Amino acid sequence: MRLKKATALAMASVMALSLTACGGGEKAETTAAGGTETTKAAEETKAEEKKEGTDAAEAPEDNGGAAEGSGTEAVEFPAELNGGEPCTIRFAWWGGQTRHERTEAVVKMFMEKYPNVTIEMEPSDFDGYFQKLPTLIGAQDVWDVFQLGNNWAEFNAVITDLTPYIEDKTINTDYISDGFLATTYDLDMQMEISLGTNAHCIIYNADLFEEAGLDAPAENWTWADYEEYSEKLKEVTGEYGSSSLEEFYGACTVGVPQYEDGLNFFKADNSGLMIEDPSYMVPFIEMIQRMTESGAYPDRGALNEMGTAPEQNFVATGDAAMTWALSNQVLAMAKAAEENGVGTLKIATLPRMTADGPSGYAVKSSQGLAIYNKTEYPEVCAAFINFFINSVEANKILLGERGVPVTSAVRDALSPSLTELEKDIYNYIGMVGGWEDSKNVFINEPSQQAAIKDEFKSQLDKVNAGEITAQQAAQNVFDFATSAFSR
């Protein structure tokens, strides 16, 4: 392992966005009941249906903060709910003890503000939650407000479309970009409001970049740049230029949308492939082949030995200069790099096919809040979600435990308490959420994807072994994926 003098990282107050919510200690919490991890983004019409012209990283002018007494709220909350008449709603979520304690505190804050509203809380662990939910659906007795991951499509028959409550401002989205709303929009419905987000990124060792005489990556750098950087880093430092690139995502889930805005690998409804030509996968496969042959990229044996935890990544151990990751893995990887004395890690965008082309990726929701479509008090439920996502005071308790908050006013309010690296992550999420093309990216994961990913890996290994060409591998993956949806 290459040892370098550690550059201090202010990691003293690592927020929980590192993420029991998004893959830190409780992996199951970011997976759907059927094993999916990511979300379906909005259909192409989404960009026109949502408010126009709102930038993700920009919020409207502060409206003066109208919360009673606090003076810190950016959103005005109603003076009373349900006409002041008593009502009771049930609220359920899953998570660990930290999440339970913080969520319960916010619920109590809401009930103090609206004493006529009683919220019966039902916290659970992940397995117990999704064992109980189907039973409640069968009995038509689902919780009024309930947490879901990226598996809302499985439960769309019992979910209320939140669009009317957004339109009448019961749920205020002035500080939420279209890109963030799109993470939980599907089947012509706003299924839920996300409670936290992350995004794909590149993590790189800034010290190794400096040693190799390389500038920090530009926001719109390309895969050609990435390959050139990797080769230079290998030549100068003797380490891998790149660690794992999440090869299936690079060639398919992210790679395909980089060719054309609105084009995706899978169809939005998970019924099959959107593409009709396997050639979209070829350039990325060929790049991996070249980098593997040169030694700038690890072969399959080395990748298998690396381990899957962020702390085990070659960038964290000093054996590589760059890697593909999720933004929620940055803190853990950077902390490990500091402890290993290998340098300072920073975050960069994923490269694009062309500098002026689509990004190919979008923010992903970790969890969100949905409303049961048979609830007796839908307006009260919507008001509760509005408070949960928009109240600065509430989010000072929640502290981004479910992921980076989607509300820019909340992110701005929490920013002073963040470390510099945490601020970089917040800013990165805000930037990606604001990209216009991100609203047309489908990052859904149909049940067939696991088998397709395995087939892609097998075909890539055959390319690296010289058994087949990249074009043949792409055709084989395409044929396998197509047939997977007809079985």
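This is a predicted model: local features need pLDDT of at least 70, side-chain atom pairs count only at pLDDT 80 or more; totals for chains, interfaces and linings use all residues.
**The whole chain**

The chain has 18 helices and 13 strands. Of its 487 residues, buried ones make up 59%. Now consider contacts between residues with a separation of 6 or more: 78% of them join residues 24 or more positions apart.

**Helices H17 and H18**

Select residues 449–464, which are helix H17, and then residues 470–484, which are helix H18. How are H17 and H18 oriented to each other? The two pack at an angle of about 165°, with their axes 9 Å apart. Angles over 145 degrees count as roughly antiparallel, so H17 and H18 are roughly antiparallel to each other. Their crossing is right-handed.

Show the side chains in the contact. From H17, pick Ala451, Ile452, Glu455, Phe456, Gln459 and Val463. From H18, pick Ala470, Ala473, Asn476, Val477, Phe480, Ala481 and Ala484. Sorted by class, the residues of this contact are ten nonpolar, two polar and one charged.

**Helices H9 and H18**

The crossing of H9 and H18 is right-handed.

On the H9 side, the contact is made by Val282, Ile285 and Glu286. On the H18 side, Ala470, Gln471, Ala473 and Ala474 take part. The residues of this contact divide into five nonpolar, one polar and one charged. Ala470 and Ala473 of H18 are also listed in the contact with H17.

**Threonine 197**

Next, select threonine 197, which is found in strand E7, residues 197–198. Is threonine 197 buried or exposed? Its relative accessible area is 2%, so threonine 197 is buried. Now show what surrounds it, leaving aside neighbours within four places in sequence. Threonine 197 is in contact with Phe180, Val363, Lys364, Ser365, Ser366, Gly403, Val404, Val406 and Ile429.

**The cysteines**

Select the cysteines. How many disulfides does a search of the whole structure find? The search finds zero. Take cysteine 381 as a case to check: the closest cysteine sulfur to its own is in cysteine 87, 8.4 Å away. A disulfide needs the two sulfur atoms within 2.5 Å, so this pair is too far apart for a bond. Cysteine 381 is buried, with a relative accessible area of 0%. Cysteine 252 is also buried, and its relative accessible area is 0%.

**Two loop residues with positive phi**

Finish in the loops. Select glutamine 140, in the loop between helix H3 (126–138) and strand E3 (145–148). Glutamine 140 is not a glycine, although its phi is positive, about 55°. Its relative accessibility is 53%, so glutamine 140 counts as exposed.

Then move to lysine 169, in the loop between helix H4 (163–167) and helix H5 (178–182). What is the phi of lysine 169? The angle is near 75°, a positive value in a residue other than glycine. At 44% relative accessibility, lysine 169 counts as partly exposed.

Notes: Residues are numbered from 1 along each chain as its sequence is written. Side-chain values use heavy atoms; hydrogens and water are left out. Helices (H or I, at least four residues) and strands (E, at least two) are DSSP runs, numbered from the N terminus. Buried means under 20% relative accessible area, exposed over 50%, partly exposed in between (1.4 Å probe, protein chains only). Contact means heavy atoms within 4.5 Å. Axes are lines fitted to C-alpha atoms, for helices over the stretch in contact, and angles run from 0 to 180 degrees between N-to-C directions. A crossing is left-handed if the near helix is turned anticlockwise from the far one by less than a right angle, and right-handed if clockwise. Ala, Val, Leu, Ile, Met, Phe, Trp, Tyr, Cys and Pro count as nonpolar, Asp, Glu, Lys and Arg as charged, and the others, Gly among them, as polar. Angles under 35 degrees count as roughly parallel, over 145 as roughly antiparallel, 65 to 115 as roughly perpendicular and the rest as oblique.
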